[in-house]
Amino acid sequence: MGRDIYTDEHDAFRDMVRSFIEKEAAPHHEQWEKDGIVSRDVWLAAGRAGLLGIDMPEEFGGGGNSDYRYYVIFNEELAKAGISGPGFAVHNDINGGYLRQLCTPEQQARWFPGYCSGEIITAIAMTEPAAGSDLQGIKTTAIKDGDDYVLNGSKTFISNGILADLVIVVAKTDPSAGAKGVSLLAVERGMAGFERGRNLDKVGMHAQDTAELFFDNVRVPKANLLGEEGMGFIYLMTNLARERLSIGATAMAAAEDAFEQTLEYCKTREAFGRPIGKFQHNRFTLAEMKTELTVARSFTDECILKESENELTADEAAMLKWWNTELLKRVVDRCVQLHGGYGYMTEYPIAKAYQDVRIQTIFGGTTEIMKEIIGRGLGV
């Protein structure tokens, strides 16, 4: 079944993205995996190519294009190429939404040009050592003192955490007010008391820097408040749907790529005098995966279109996120099995995929949290 959600302009953009990946990312990714971090050069190259801030105002170097499908194409091609290092989706799909919607004109002038050029890399700091899915349980505080907020606390599992120049920090500006006391602050590189901890040693996605962040009496100017004080939890709930769509759509592309790799392997790898795909069990396994992927693709593209028209609901985003990430996990596991011993060798892309995909059902909200959101939407 063909995809009918893209136009000729989208197809031309996809070709450009593939060229960018082939030139600027693929040749370096193996080294980035060893280093545990990507070069800032790839961010600057993405900025020059117009791949950062596609929906940001043109006056600041953005693309001025609100069509979300362009971000999806970028994410799909990165997934197909196995380029998991640069945290472009965090910057574009997640943080861009907060900045575009909440920044004042003064903040836009300060941050948007660097955001679009790749000179300012962004991160968002929600998760804490004792608070993951339960965002209301965060302990980081930002208490007003004169013209500043005094920020104290710590965050962990922060993608782009080492490279980030601008971090959107979720903190309690009124610890006694519960969810209504949460605000978003933009913390900038170099602020006194803002320190990075370890670049965390993960099971997979080794090229993406994932860090601990520490805030010790960091004086954050009130001018760095994003939106209104006390509205942070509402902003988070509003923007998490796009984050979950981004994860789900990327998982879909990664699952399809793993399947295509494995299908080709099953056609060429021989055992007992014939291709292993000719054995009924293997053929049935391939048939099952193809069917599951085809069904999921239909729902995924429907969600992409809805988001492009600002009609995607939080429940639908949760459905997509949990279904596609769990599907990716199942598909890759079966693909490793079909590769046999070679599937466990890191020289094969499927082995790297096996390491990288396990986090998909956890970050952005666990599968269990997605089901809870869907269940609440049902009124139960």
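Author: What follows goes through the charged pairs, then the ring pairs, and then the stretches named in a database record.

The model is a predicted one. Side chains of opposite charge can pair when their charged atoms come close. In this model the count of salt bridges comes to 32.

Take Glu 76 and Arg 297, whose side chains meet in a salt bridge with N and O 3.9 Å apart. This pair links distant parts of the chain, since Glu 76 is in helix 4 (residues 69–80) and Arg 297 is in helix 8 (residues 280–308), 221 residues apart. Are Glu 76 and Arg 297 buried or exposed? Both Glu 76 and Arg 297 are buried.

A second case is Glu 229, which forms a salt bridge with Lys 144; the closest N and O atoms are 3.6 Å apart. Here too the pair links distant parts of the chain. Glu 229 has 34% relative accessibility, so Glu 229 counts as partly exposed. Lys 144 has 48%, and therefore Lys 144 also counts as partly exposed.

The side chains of Glu 326 and Lys 329 meet in a salt bridge of 3.2 Å, N to O. Why are Glu 326 and Lys 329 separated by about one helical turn? Because they are three residues apart in helix 9 (residues 314–339). With 16% relative accessibility, Glu 326 counts as buried, whereas Lys 329, with 26%, counts as partly exposed.

Some salt bridges share partners, and those join Arg 3, Arg 14, Asp 15, Arg 18, Glu 76, Glu 77, Lys 80, Glu 256, Arg 297 and Asp 301 into one network. Glu 76 and Arg 297, described above, are among them.

Now to the rings. The aromatic pairs number 11. For one of them, Trp 43 and Phe 88, the ring centres are 4.8 Å apart and the planes are at 70°, so this pair is edge-to-face. It links distant parts of the chain: Trp 43 is in helix 3 (residues 40–48) and Phe 88 is in helix 5 (residues 88–102), 45 residues apart. Trp 43 has a relative accessible area of 0% and is therefore buried. Phe 88 has 1% relative accessibility, so Phe 88 counts as buried as well.

Tyr 265 and Tyr 348 form another edge-to-face aromatic pair, with 6.5 Å from centre to centre and 90° between the planes. Tyr 265 lies in helix 7 and Tyr 348 in the loop between helix 9 and helix 10, 83 residues apart, so that this pair also links distant parts of the chain. Tyr 265 counts as buried at 11% relative accessibility, but Tyr 348 is partly exposed, with a relative accessible area of 24%.

Ring pairs also link Phe 20, Trp 43, Phe 74 and Phe 88 into a cluster. The pair of Trp 43 and Phe 88 belongs to this cluster.

Charged side chains are found over ring faces too. Arg 14 lies over the face of Tyr 6, at 5.0 Å from the ring centre. Lys 371 lies over the face of Trp 322, and the distance to the ring centre is 4.8 Å. Arg 14 is also one of the residues in the salt-bridge network.

Met 345 is found in the loop between helix 9 and helix 10 (349–356). At 36% relative accessibility, Met 345 counts as partly exposed.

Finally, the record. An unreviewed UniProt entry places "domain: Acyl-CoA oxidase/dehydrogenase middle" at residues 123–218. That span is 0% helix and 51% strand, with its end C-alpha atoms 17 Å apart. The UniProt entry also gives "domain: Acyl-CoA dehydrogenase/oxidase C-terminal" at residues 230–378. Residues 230–378 are 74% helix and 3% strand, and the end C-alpha atoms of this span lie 28 Å apart.

Notes
Residues numbered from 1 in each chain as written. Predicted model: local features only at pLDDT ≥ 70, side-chain atom pairs only at ≥ 80, totals over all residues. Heavy atoms only, no water. UniProt positions renumbered as here; feature names shortened; annotations may be inferred. Helix = DSSP H or I, 4+ residues; strand = E, 2+ residues; numbered from the N terminus. Salt bridge = Lys/Arg side-chain N within 4 Å of Asp/Glu carboxyl O. Buried < 20%, exposed > 50% of the residue type's maximum accessible area, 1.4 Å probe, protein only. Phe/Tyr/Trp six-rings, centres within 6.5 Å; stacked < 30°, edge-to-face > 60°. Lys NZ or Arg CZ within 6 Å of the ring centre and 35° of its normal.
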